[in-house]
Amino acid sequence: MLLDSIKTVAVLGAGTMGNGIAHVFARAGYNVILRDVDQRYLERALDTIGKNLDREVKKGKLAESEKPAVLARLKPVTDMAAIAAADFAV
């Protein structure tokens, strides 16, 4: 597999490490399937990622206009079968 062929990344687990990994991949332009066992974990992860993006905007590391695009690349799922669409999994 070539690095250039990776377009979608699956991140298994939306906890502290998982949401951080998903954040970094989404910021880098990858589509991210963020999978966890319960919707409430996914909601908490998306909230954390949003706050972290806000902090990046405040520090001037990310343009405010880029935040919606980063968030749009995140697809939260509870169904394990959904990760089949990924080119790479973490």
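**Exercise 1.** In this predicted model, find the residues with which Ala22 is in contact, leaving aside its neighbours within four places in sequence.

*Solution.* Begin at Ala22 and set aside the neighbours within four places in sequence; the residues in contact with Ala22 are then Val11, Val32, Leu34, Ile49 and Leu74. Next, turn to the largest nonpolar core, which has 17 residues, and note that Val11, Ala22, Val32, Leu34 and Leu74 are those with the most contacts inside it. The elements that give two or more residues to this core are β1, α1, β2 and α2 (39-58), and the largest share, 5 residues, comes from α2. Finally, keep this core apart from a second, separate one of 5 residues, which includes Ala10, Ile33, Ala82 and Ile83.

**Exercise 2.** Determine which strands pair with β2, and in which sense.

*Solution.* Take β1 (residues 8-12) to begin with: this strand pairs with β2 in the parallel sense over 5 bridges, and within the pair Thr8 stands opposite Asn31 of β2. Then take β3 (residues 74-77), which runs parallel to β2 and is joined to it by 4 bridges; here Leu34 has Pro76 in β3 as its bridge partner.

**Exercise 3.** Explain why strand β2 is described as largely enclosed by the rest of the structure.

*Solution.* Apply the cut-off for a buried residue, which is under 20% relative accessible area. Of the 5 residues of β2 (residues 31-35), 4 are buried, and therefore the strand is largely enclosed by the rest of the structure.

Conventions:
Residues numbered from 1 in each chain as written. Predicted model: local features only at pLDDT ≥ 70, side-chain atom pairs only at ≥ 80, totals over all residues. Heavy atoms only, no water. Buried < 20%, exposed > 50% of the residue type's maximum accessible area, 1.4 Å probe, protein only. Pairing = 2+ DSSP bridges. Core = buried A, V, L, I, M, F, W, Y, C linked by side-chain atoms within 4.5 Å. Contact = heavy atoms within 4.5 Å.
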